[in-house]
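I opened the notebook to look up two places in this model. The entries are in the order in which I checked them.

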Amino acid sequence: MTTFYKYLEVAVALPLNQTYTYSVPDSLLSLISIGKRVLVPFGKRRISGFIMGKGENSGHYPIKNILDVLDESPLFLPDIIPFFYWISDYYMHPIGEVIKSALPGGLTLTDSIIISITPKGIKALDSDKINPLEKKLLIRLQQGKCLLKTLCKNIEIPGAMIHKFVNQGWADSHRELHGKRTMEKTERFVSLIRPCRPVHGLSEKRKEIINILESKKDISLKTLKEYVPKSGQLITSMSKQGFLSIFPKPVYRDPFGESIVPDSSPELNQEQSDVVSKAAASFDKGFAAYLLAGVTGSGKTEVYMRLAAEAIAKNLPVIILVPEIALISQMERRFRARFGEQVAVLHSGLSSGERFDQWMRIIKKKAPIVVGARSAVFAPVENPGLIIVDEEHDTSYKQGADLLYNARDIAVVRAKLSGGIVILGSATPSVQSFYNVRTGKFKELALTKRVEKRPLPYIQIVDLRQTRDLRGARRFITQPLINAVKETLEKKEQVLLFLNRRGFASFPVCAACGESIRCEHCDITLTLHRLAGSYKCHYCGFTKNAPCNCSVCGSSDIKHLGLGTEKLEAAVKALFPEARVARMDRDTTTRKGSILKILKSLRNRAVDVLIGTQMVAKGHDFPNITLVGIICADLSLSFPDFRAGERTFQLLAQVAGRAGRGNVPGRVFLQTYAPEHFSIIAAKHQDFKFFYNTEIGFRKALNYPPFSRIIQLRISGKNIDKTRETAQVLGRLCREKQKKNTAFLRNIEILGPIEAPVAKIANQYRWQMLIKGNKIKELHQFTRQVGAENPKVFNDSKVKVIIDVDPFFMS
Ligand code: ADP
Ligand code: ZN
Ligand code: ZN
C-alpha cells in the first residue's frame, strides 16, 4: 500500500530510544509504505531504518531527505507497530532494535569505512624513509582494500597512523554499504498467449507443449523442459513468434524436505471436543487467554489443529509456537499433513533465504497458519485470531541475547493487542500460568485422560542412596532398571534412558593433588568428551586435548568423575552388547538434519535404546517406547535458582510422559537421591497441581514470582576489579535512589550485587543484582530513572550492564 507521505517517522536500528523524521524526495514518493526499510543519513553515516508512519515537521530542526527505499514490499504490516512499542517499553529496549530482532536476520545495512592504497602510497613503499610499522601497513593495503575496523583490530595499526596516511595522500578512505536489499527470488515461467488452432500439421513437440500449456495457467520453464525434453530452442522460437510468453514470477524456496501424506482428522473424544468448542466459542469476541493443561499423550496437538481449522474458516490467521526445532518438525509434519500449503514455517533451521521467503509468503497472505519457534511470535500475519503456545512452560521461549523477551508472555500481549485468543498448552504448566488461572486472568481448559484410554505410565522410584557402595556401571544403572531394560528388549520394545548431562565425565580431577581440570576462560570444570578426544567447556566452547596432565602438579593420573550421556552409552553397550543404541544430545546433533535422522530410526525401530539429554524429554510421540529410565533425577534440583524445583518437576514429568504412548502401557524408573522431595513425588504422580500447591507456598513466603516481579541487572567485564567496582557503584546508586523516594523504599527490594554463580564465562567476570517488587510499573520506573541519571555507568564500553526484565536464568 503506497502512502505518498512527504514526511516519514523512521526508527533506526541503533540503540536510541526515539524515532526520527525524514522527508521524501519526489522521486521516491511512490515507493513509500509502512514497514519498508529506508536508507537515511545519520550523522556522518548512512544507516537503514524502518518506516513507522507519517512524520511531523515541527519546523524546529532541518529535516534531511531519505536516500533510498530498500525493499520492494513491506517487511511488516502497520497493525504490529503497537506490539513493537509495547515490547520496547516493557523490556526497555530501543524500538529500532526491537524491530531488527523481530525481522528475519541479515537485513541490516551497515556503513563502514574502507581504506585503500593510492599510487603515491605505492611509491612510498620504495622509499627508505618509512618505519617498519608504516611498511607493514602499506604492504597490507597493497594486497587490497580493507575495512578500517579490521586494520585496527587484526594488524593492530593505530587509528592515528591511518589518518596520517590519508592526510599525506598515501591512502584513500571512503564509505561503503554492506548488507542487503531484499529481493524476492523469481523463476522464468511460460504461458500461452494465443490459441494455436488448428494444431494438425504442427510438429509433435509443438503439440505437446501447447497441450501442456492449455491445461495449466502457467508453468515454470524448468518444469516444461522436463516434461518435453530438448525443447529449449523450440520454446524460445515459439515465444519469438508470439505464441507464448516467458516472464519472471516470484517463487519461494521450499524448506520442506520430505513430502507428506495428507491426513484427515480423527473423531475427537469427549474431552477434546469440549475443549475445542469452549475455545472456539470466543473467536471473534475479543481477547481471551486459556491455559490448556493436558496430560502427556492426551491429544493436545489434535485440539490445536481443530482450532486452527475453525480459525482459518473464519479468516483469522493462526500462529503456533513450539519450543525447539526438533519439535517444530513434528508439529510441522502434522499441520502440513492436515493443511498442506496453507502452512508457513519460521525457525532457525532454515537458511536465511528460505526464512525470508516464508516471511514474504506470510505477509502476502499466502499462508494463514504459521508454525515456528520463539521468533515466530513476530510472524507478519495481520491481526492473528489464534495464537497457540505449545509446551508453554519451556525455558527456550526466553531469548538469551539482545532483546531478552519471553515469547510465551508476549504471545499473550500480541493476542490482546489484536483482539484474538491465545492458548498456552502444557502437561506441566508453569507456576506463573497456573497462578494466572487461579487469579482469573486465564481460563482453564483440561484434558485429563490419555487418548483411547491409554493409561499413564507407572512410575517407580529407585532410591540411589541405597546403591552407593556398588561399583561401576551398576552404580548408576541400578539392578531394577537393568532387569526392566532386559525384559523390554526381549519383548522387542524400545527403551529411553534420560540423563541431563552430555559428555563422558563432567568432573575430571587429579588423583595426586585433587585439582580439577578447569576451563582457562571460565570458572568451571571442563567435561571429558572421550569420543572427540578432548576436554570441552560447556559455557564458552574452549577445548583441550585429552588426556592431559594436571596443570598444577603435572601428574598424569586423572580420575574422570561425574556422569554424562557418553559414559552412560558406554555402560549400556557393555551391559547389553546386542542392543542397538543411539544417543541424542547436542554433541550428536550438530549437523543439520541429524535430529530428524535419529527420530526416524527410532520410528522405524532401527534403534532399541535411545539415550538422551533434555532434547528427548520434550513433546515427542514415540509409540513403541514402553520403558523410560531416568538415570539421575536430581541434577537440576540444586541449581541456584528459585525455579530449580519447577524445572525439575517439569523435566521429569515430561520424560516420564514419553513412555506408553502406543498400545502397550509404559513403565518408568526414576532414580534419585532425594525420593522425598515434593518435585520428585509430583513427577511420580504426574500431578502438576500437587506440585503447584506446594511450590506456591514457598514462592509466597519468599515473595518470589508470581507474587513479585524481578528486573535483573547483569554486570560483566574483562577486568575483575573494574567489574566488581561497577557492580558495587551500581548497588550504591540504586540504594541512594531508593532512599530518596518513599514509594520505592516501601515497595522495592534490592538484592545484591553479588558475584554470579558462575563467576567467569568466556573471560568475562560476572556480577548480578536483583530489583524486586510487586508492581512491574514501579520497577520499570525505578530502573529507568537510575539509568537516565547514570548514563556513564550503563553505557560503559569496558563493563557492560544488561537489563533483564523477568529473568529466567539466575546463573
Ligand atoms: P499430546 O500433544 O497431548 O502429547 P498428541 O496430540 O500427540 O498428544 O496425541 C497423542 C496421539 O494420539 C497421537 O498419535 C495422535 O495422533 C493421537 N490422537 C489424538 N487425538 C485422537 C483422537 N481423537 N482419536 C484417535 N487418536 C488421537
Ligand atoms: Zn595434580
Ligand atoms: Zn569456558
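The entries below cover an annotated site and a helix pair.

I worked from a predicted model, where local features need pLDDT of at least 70, side-chain atom pairs count only at pLDDT 80 or more, and totals for chains, interfaces and linings use all residues. Residues are numbered from 1 along each chain as its sequence is written, and side-chain values use heavy atoms, with hydrogens and water left out.

Entry, site. I looked up the UniProt record, an unreviewed entry, which places a "binding site" at Cys510, Cys513, Cys550 and Cys553; such annotations may be inferred rather than shown by experiment. The four span 44 residues in sequence, but no two of their C-alpha atoms are more than 8.6 Å apart, so they gather at one spot.

Entry, Cys510. I found Cys510 in strand 21 (residues 507-510); strands are DSSP runs of E, at least two residues, and helices are runs of H or I, at least four, numbered from the N terminus. Cys510 has a relative accessible area of 3% and is buried (under 20%; exposed is over 50%, partly exposed in between, 1.4 Å probe, protein chains only). Beyond four places in sequence, its contacts (heavy atoms within 4.5 Å) include Cys550 and Cys553.

Entry, Cys513. I found Cys513 in the loop between strand 21 and strand 22 (527-529). Cys513 is partly exposed, at 39%. Leaving aside neighbours within four places, Cys513 touches Cys550, Val552 and Cys553.

Entry, helices. I noted that Gly121, Ile122, Ala124 and Leu125 of helix 3 meet Lys135, Leu138, Ile139 and Gln142 of helix 4.

Methods
Chains are lettered from A and ligands numbered from 1 in the order in which they are written.
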